[in-house]
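Welcome, and please load the model in your viewer.

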Amino acid sequence: MLNRQVEKYSVSELQAGMIVAELMTSEDGKAILGAGTVLTDNRIRLLQQWGVDRVSVLLPQSRPETAQETPWSFDREAFNAYYKDTVDLVKTAFKSISLFREVPVARMQELANEKIDPLVDAPGVMNHLLMIRHTDDYTFEHSVNVAVLSGVIGKWMGLKGQNLRDLIFAGLMHDIGKSQVPPEILNKPGKLSAEEMDIMKRHTIQGYYLLKEVPRTPLVIMWSVLQHHERMDGSGYPLHLRGSNIHEFARIISVADVYDAMTSDRVYRRRTTPYHVVEALFRQMFNVLDPVVCSKFLYHVKDFMTGNIVMLSDGRQAEIVHPGAFPAGLPLVKTTDGQFINLEQKRDITIYGLISA
Ligand SMILES: [Fe+2]
């Protein structure tokens with residue numbers, strides 16, 4: 001459940017965007033809408049057709065910039081429903097951009113502020129994201145994930161207020177140029193040819209020019225979109241920028257982008273566990289990724305690992321008891337038969353996969 005105040009509304013008073021507070025069932029006990037479902041015009045129409053009288057709705061939360069602010073809390077079911085609705089909204093926005101070549105910047109900013117900012121504050125969000133079952137909507141899910149992860153990293157780096165909101169918005173928009181990449185290349189289930197890769201790489205420049213056409217688009221958003229594939233040693237694209245010539249937001253988004261791409265299932269590649277991603281980020285933090293951003297990320301991301309259930313390479317299940325020494329130490333685990341194994345010392349056993357987070 002979401003920890004916010006609840007009020008009952010008659011169906012005629014409902015508006016799209018309101019969030020259902022508790023599971024709604026039909027007269028014969030079947031679930032109609034789950035807690036956390038975001039109402040759409042279509043769902044409100046269906047409620048009218050089903051003869052539903054009143055619906056419990058979460059009251060909007062005023063979000064003052066104070067340290068005492070209580071973050072939203074989602075259980076897994078509510079998170080998944082809320083997440084899916086958010087991805088659907090991003091998908092609709094991307095579709096309209098590829099059709100009309102016009103970015104609804106104000107609408108997407110609103111989406112970032114109202115739907116994604118709360119996810120950044122939600123306890124356990126890193127684990128919730130790991131347990132999302134990925135669908136064909138990879139580009140849209142990835143945009144939401146990178147927005148949330150950039151916000152989480154930004155907070156760990158001490159960003160707040162409008163600065164943090166801009167970073168989250170930049171994360172949401174970072175791959176907006178992919179709306180211009182032909183779907184057969186974007187969704188190709190396999191390695192891209194050199195020519196296809198060149199077309200794919202253009203999404204940074206295409207995103208920048210799409211945003212440039214919209215008056216008053218904040219410059220930081222345009223720079224983030226253009227630079228999120230630049231790398232600290234100049235090996236990135238499109239301009240081969242180096243070090244601090246790359247905007248700080250783009251350096252944060254790069255880490256969020258790499259982490260999410262590695263921990264997501266793709267048609268052609270099984271996802272990597274977060275423990276292996278930690279090792280990969282550790283290897284990349286001294287040449288291609290920003291070392292300050294990476295060290296903040298590696299320090300904090302380990303907090304989320306304790307309690308995760310994993311499959312070991314010897315076939316046993318185990319719980320992470322301690323995530324391992326910062327920055328890239330391996331975890332201490334406890335198997336279901338009660339044995340403690342320090343994976344840092346016992347190198348012949350490895351973590352094969354994540355079962356639950
Ligand atoms: Fe990208």
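**The whole chain first**

Show everything: among contacts in the protein between residues at least 6 apart in sequence, 64% join residues at least 24 apart, where two residues are in contact if their C-beta atoms, placed from the backbone, lie within 7 Å. You are looking at a predicted model, in which local features need pLDDT of at least 70 and side-chain atom pairs count only at pLDDT 80 or more, while totals for chains, interfaces and linings use all residues. Residue numbers start from 1 along each chain as its sequence is written.

Colour by secondary structure to find 13 helices and nine strands; these are DSSP runs, numbered from the N terminus, with helices (H or I) of at least four residues and strands (E) of at least two. The C-alpha atoms fill a box of roughly 60 × 60 × 45 Å along the principal axes. Why does the radius of gyration agree with that of a compact globule? With 357 residues, such a globule would have a value near 21 Å, and the protein has 21 Å. The radius is taken over C-alpha atoms, and the globule rule is 2.2 Å times the number of residues to the power 0.38.

**Three domains**

Next, colour 6–58, 76–271 and 305–356 separately: these are domain 1, domain 2 and domain 3, with bounds from an automatic or database domain assignment. The C-alpha centres of domain 2 and domain 3 lie 31 Å apart.

**Helix H2**

Now select residues 76–100. This is helix H2, with 25 residues, reaching 36 Å from its first C-alpha to its last, close to the 36 Å expected (1.5 Å times one less than its number of residues). Show side chains for its buried residues, among them Phe79, Tyr82, Tyr83, Phe94 and Ile97; buried means that 20 or more other C-beta atoms, placed from the backbone, lie within 10 Å of a residue's own. What covers them? Just after H2, click Arg101, which takes a positive phi of about 55 degrees.

**The five-stranded sheet**

Finally, pick out the open, antiparallel sheet of five strands, ordered E8-E7-E6-E5-E9. At its edges are strand E8 (340–342) and strand E9 (351–356), each pairing on one side only. Zoom in on strand E5 (residues 309–312) and strand E6 (residues 317–322), which pair in the antiparallel sense over three bridges; strands pair if DSSP finds at least two bridges between them. For a last stop, select Met311, whose bridge partner in E6 is Gln317.

Terms used. Buried ≥ 20, exposed ≤ 12 C-beta atoms within 10 Å, placed from the backbone.
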